[in-house]
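Please keep the sequence and the three-dimensional view at hand while reading.

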Amino acid sequence: MKNQKQEKAPPPTTMAEDEEEEEAEEIPLNGDPDLCNRIMDRYKKSSAPQHRHLCASAAAMRSILQEENLPLTPPAYFAATISAINETLETLDPNAMTSLSSFLSILLPLVPSQSLPPSKASDAMEILVSFLQRPHGTLATSTVRSIVKSLGLLVPFCGVEDWSAVKLPLKTLLAFSVDRRPKVRKCAQVYVEKVFKSFHDFVIIEKVSKVVWSFFKSYMPLATEIGATTIVDGSKSEMMAEPKHLEVLHMLNALKLIVPTLSTKFIVKISSNLYKLLGCQFSPLTRHILNIFEALFGCSRPEVLVSEADNVIILLASYVSSGEKNPTDTLLSASTLLKRALDELYVAEPDIWIKNLPLVFGSVAGLLNFEVSTAGKTADILKDLTRQKDGSTFPTNTNQLSDVSIMSTEVSCAIRSICAVLEDIISACRGIPNEHILAVVSNLFLKLGESSYLYMNGIVLKLSDLMMQLEKGLPGMKHLQECIGSAVIAMGPEKLLSLIPISLNAEKLTCSNIWLIPILKKYVVGASLEYFMECIVPLAESIQRVCCGVKKSPNLKDMQTSARSLWGLLPAFCNYPTDTSKSFESLAKLLIVVLKEDSYMHETIASSLQELVNQNKDIVRAIQDANECPNQSTAVVSNDCNTVPGTVPSHYSNKIASRNIRALASSSMDLLHALADVLFNSPTEKRAYLKEAIGCLASIAGSSNVKNFFTSSLEKFQSINRIAESEKFGSHILKSVNKEQDDEARKKDPKEAQRCLIMELACTLIEGSDEEGINIIFDYIRPSLQADDGVGQFEAYSTLSRIFMVHAWFYSTRFDELIHLLLGQKSSCDIMSLRSRLTCFHFLLIHLLKSDSGNVNAAFLILNEFISTLKDSRKEARRDAYDILLMVSCSLKTSANTDAPLQRLFDMIIGYLSGASPHVMSGAVAALSLLVYRDTSVCFSVPNLLPSVLVLLQSKAKEVVKAVLGFMKVLVSCLHAKDLQKFLSDIVNGVLPWSSVSKNHFRSKVRIILEIVIRKCGSDSVELVRPEKYKSFIKTVVEQRWGKKNSKASGNSDAEPRLAKSSLKGERKRTREDSATPREENGSRDTTDKENKRKKHRSNFTGKSEPDKIAGKSGGGRWNKTQPSCSDGQFQGGQRGIGKNRRGDTIEKPRRGGKEMKMGRRKDSQRGKGPTQVSRGGASTKFHKFKRSGKPHQRGK
């Protein structure tokens, strides 16, 4: 209401427009039955004239009722108001009439429906209609609006089934629905719609529809005249300026609201006349007619559309086909109506739908060449037009099209017409078609599936011509490749390559259509392995033979690349192939030969085997999981083959996947032997994908076969060692070992290199091994775990951690033996071995905490390994310890049903905070920092956590205090403000005592912690809990946070000293370092050692320690002229001053001989001119050179 008052409006005649808006709002009684009191309470403070008149009328009505001893109820007020309005017919007082009509419109919604007899309501409507029939201009707009509203509210009281009672008010409302006054017209249209929706009797609906038909027919001559008028360039015709022509538009707006409620007979009559008004070109009536059609299509009356389907579709299609002659928004509206019409016809009359589909598709497709936004919306409409509602409309495979009679059906003819339209659009494009055209083509490829080979072969050839003509990297090339990729998915690589063959020209040493290989590699899914072996492999071999026969040619390199690219299609053809069970045996024999002959194919073959095995295993596993947990959705989603690559084709059932796994398992042992031979002869960087492929095959080969394979590999190496321990064999093995820390040891002993290779092989066989096989593997790696020289420990620990991961029974049944074995060995110096060792401890620690076996000593020994590694000098070791400790916490939190195991973990870590060495305590605090950083809820689930850490701030060990301050910063950074308030007093009082210590950056760390606390909780909260003696420090922190400077700091001895800009810069750097992740927050001795070295170097050079420099003991910004001169090229502690350079930066200036000296670079214009201000041989010269070069001055150079 208030917003409406602020709108600019023309001045009223008798009453303000504001009153018109006020009366639109209902005034609820809210327990007070006297409406007059409610109006008085609402408008008693208003000085507006209309409000005063309204209050006066309400008071007058109440006085009348009180004089007659009538109750002050809405029905009584209604009778008094109608009588008063009837009396004003003689006086025609405009103010009285306006206030009474407004009062009536507010009153009627409060009158109960049963309290007003229909006869009284009819009499009241006659009085109101007689008022409205007065000459135009005698009543104010607000008065007319209120009476129209009251008339609409009175119709339900008369009974909607009494035609004689509702006929007069209905015609009156219709007449005012085209009124020239906007607010009167809007009000009339609102209540016309409400009244028409209240009619349910068929007889009444027929009579009402007849009234509307007469109302509509009276405007047809003017509408026909306007419809013949075209609007050029969107400008309105002068004809529309006439009021009578505007009434036509108002009539159409009202018709849009009520046409869905009319009878079918009159809807058809009105629609047939509207078709005549809609031409091929835009007119002032076009938008209104389209809106009426939209209302008709939304009323769910198929019989209306079927009777006039051809006329509607032809007219709308003709309008859309006119293209740029018509406004774009109307073209999109008409296109949307065409789509909705076809949707209705698809359900009601499929024959009419398929007959009109080509016409609609062709007319709408012309908009694809419009601007981007229009083309995008058009593409969505076209995609929806070809959407198969029941999955059986369009033939999707060539088997359905084998019958000639099917190809001659209306469906096939419609599809050919649609494809011809798209082909013409592509041909008309200059260059690459836009992305929306290609998106529609791609969608049609996927909808037609294999049958697109017959319908869309012409489009495929045109897209192929575009790819060959255009250069790589052009805009739109990506969308063109995606479109061809959709063709690959739909029709399959076999049929696509029959249209666009990749062929070899041996004479010219060229290959055609090589550009298709990357597309095939990305989009092939559900292809045939047999086709790959019979067509792709022979072509690749032919190219290889031609390349071998040519010594020099400019195309030789390209031909070799083409051959390798064809072989590179193997992983794509292994993406859910259709004939795995039938063709894999032949493929396995081929792959074994290629593995031995071509090292380039090792990675391709390995990835292909992984894909075949994993895809089928995932399907079987998903089905099993679904059977075990029917309420949970499976991870693998089955989908149609003609969709996006990566989804499971619909034909891949559990039965097919199980049959495929059996076929893969039957050839797995031959492949395992071949891959193992390749593994033993491959360098370290190429073993990863080979081991993954071996692991996949071993998982399906059978445990007995895997055990025999491993034992045979051991026997093979033992026999080789007995028969041929030659230098040649040793050097051959050594070429493939990892050259890291134990490289020298392996060179000395080839047997160790063999042993490491065997352990790598064993690690890949763990998933497919049973208990007996696992025991054999463990017995083999045990000596390496117990070795003191560290040779082979990485492979041994990796294998053991893999056993723990796959076979949990192993460490649960042999726990004591494993604990004794692992804890009896020293931690490895190798980072990779250390990580694998900690991974083993990860499983053992989780087992201990979950089982609650009471073996607390073992748990502490394991945790001690993590704590000690957290204090390792190597960053990589600390990171690994942090990561694995976090894995322990996450595993306990997600897998356990209770919080007891996680609680035990924290209690154990907290136990290190008392009675341990400072080194161990700081490591334990570092561990807690990480765990709190990941999950702050532990602060509440472990109540003694924060108090136990805060107690350590009373320690004298700097290493412990540094770790605790880091913990505090992590805590305040991660906690929400409301949670931080609970610990605010303990945190502030705990860290503030260290604000007076500048060493080890304790002061800056405390300042950072308090800045975070102030930002979250506010300075007032901190002031409430801080001790009085730290008031000055808190004030300084607050001022620095808000960028304020204390002007009296230099003269006040209690104030904090101002730092030099260089010192602040270094402090900002430390702040950024301190705000890193918790793993770098605590325990990094590298940074501390480097910082101490830098301090020592500066102290030796300047004769002054870093804290003294920051404290500013040289005079606080003034030159001390009583300082002694320096000697022997060294500065003494009192020889420094603080000043500012020309930019105003605070710098430290050396002194010599009690005179000020200017430091810094001289201007280029002054270089080489005149004597320098710094003498040649003194300490100042050396200091100046050191500042400029960053190196200390050396005497004699």
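## The chain as a whole

The structure is a predicted model. The chain contains 59 helices and five strands. Of its 1197 residues, 49% count as buried.

Contacts in the chain can also be sorted by distance along the sequence. Among the contacts with a separation of 6 or more, 70% are accounted for by residues 24 or more positions apart.

## Helices 10 and 13

Helix 10 covers residues 182-197 and helix 13 covers residues 243-258; their axes are 9 Å apart and the packing angle is about 30°. An angle under 35 degrees counts as roughly parallel, and helix 10 and helix 13 are therefore roughly parallel to each other. The crossing of helix 10 past helix 13 is right-handed.

On the side of helix 10, the residues that meet helix 13 are Arg-185, Gln-189, Val-192, Glu-193 and Phe-196. Their partners in helix 13 are His-250, Asn-253, Ala-254, Leu-257 and Ile-258. By class, the residues of this contact are five nonpolar, three polar and two charged.

## Helices 17 and 18

Helix 17 (residues 309-321) and helix 18 (residues 328-348) cross at roughly 150°, and their axes come within 9 Å. Angles over 145 degrees count as roughly antiparallel, so helix 17 is roughly antiparallel to helix 18. Helix 17 passes helix 18 in a left-handed crossing.

Helix 17 contributes Ala-309, Ile-313, Leu-316, Ala-317, Tyr-319 and Val-320 to the contact. The residues from helix 18 include Leu-331, Ala-334, Leu-338, Leu-342 and Leu-345, and also Thr-330 and Ser-335. The contact of helix 17 with helix 18 has 12 nonpolar residues, two polar residues and no charged residues.

## Helices 52 and 53

Helix 52 (residues 977-991) packs against helix 53 (residues 1002-1017) at an angle of about 150°, and the two axes are 11 Å apart. Helix 52 and helix 53 are therefore roughly antiparallel to each other. The crossing of helix 52 past helix 53 is left-handed.

In helix 52 the contact is made by Ala-977, Leu-980, Gln-981, Leu-984, Val-988 and Val-991. In helix 53 it is made by Val-1006, Ile-1009, Leu-1010, Val-1013, Lys-1016 and Cys-1017. The residues of this contact comprise 10 nonpolar, one polar and one charged.

Is Ser-412 buried or exposed? Its relative accessibility is 1%, so Ser-412 counts as buried. Ser-412 belongs to helix 22, which spans residues 410-428. Its side chain and that of Tyr-455 are joined by a polar contact of 2.8 Å.

Ser-801 is part of helix 41 (residues 793-806) and is buried, with a relative accessible area of 10%. The side chain of Ser-801 reaches the backbone oxygen of Ser-798 at 2.8 Å. When residues up to four places away in sequence are not counted, Ser-801 touches Ser-836, Thr-839, Cys-840 and Phe-843.

Ser-464 is located in helix 25 (residues 457-469). With a relative accessible area of 5%, Ser-464 is buried. Although Ser-464 and Ile-484 are 20 residues apart in sequence, their C-alpha atoms are 8.2 Å apart in space. Which residues does Ser-464 contact when neighbours within four places in sequence are left aside? They are Ile-500, Asn-513 and Trp-515.

## Two loop residues with positive phi

Asn-513, which is in contact with Ser-464, lies in the loop between strand 2 (510-511) and helix 27 (516-523). The phi angle of Asn-513 is near 60°, a positive value in a residue other than glycine. The relative accessible area of Asn-513 is 12%, and this residue is buried.

Tyr-576 occupies the loop between helix 30 (570-573) and helix 31 (580-597). Phi of Tyr-576 is near 50°, which is a positive value in a residue other than glycine. Tyr-576 is buried, as its relative accessible area is 7% and buried means under 20%.

Definitions and conventions. Residues are numbered from 1 along each chain as its sequence is written. This is a predicted model: local features need pLDDT of at least 70, side-chain atom pairs count only at pLDDT 80 or more; totals for chains, interfaces and linings use all residues. Side-chain values use heavy atoms; hydrogens and water are left out. Helices (H or I, at least four residues) and strands (E, at least two) are DSSP runs, numbered from the N terminus. Buried means under 20% relative accessible area, exposed over 50%, partly exposed in between (1.4 Å probe, protein chains only). A polar contact is a pair of N or O atoms within 3.5 Å; within protein, one must be able to donate a hydrogen and the other to accept it, and residues adjacent in sequence count only if both atoms are side-chain atoms. Axes are lines fitted to C-alpha atoms, for helices over the stretch in contact, and angles run from 0 to 180 degrees between N-to-C directions. Angles under 35 degrees count as roughly parallel, over 145 as roughly antiparallel, 65 to 115 as roughly perpendicular and the rest as oblique. A crossing is left-handed if the near helix is turned anticlockwise from the far one by less than a right angle, and right-handed if clockwise. Contact means heavy atoms within 4.5 Å. Ala, Val, Leu, Ile, Met, Phe, Trp, Tyr, Cys and Pro count as nonpolar, Asp, Glu, Lys and Arg as charged, and the others, Gly among them, as polar.
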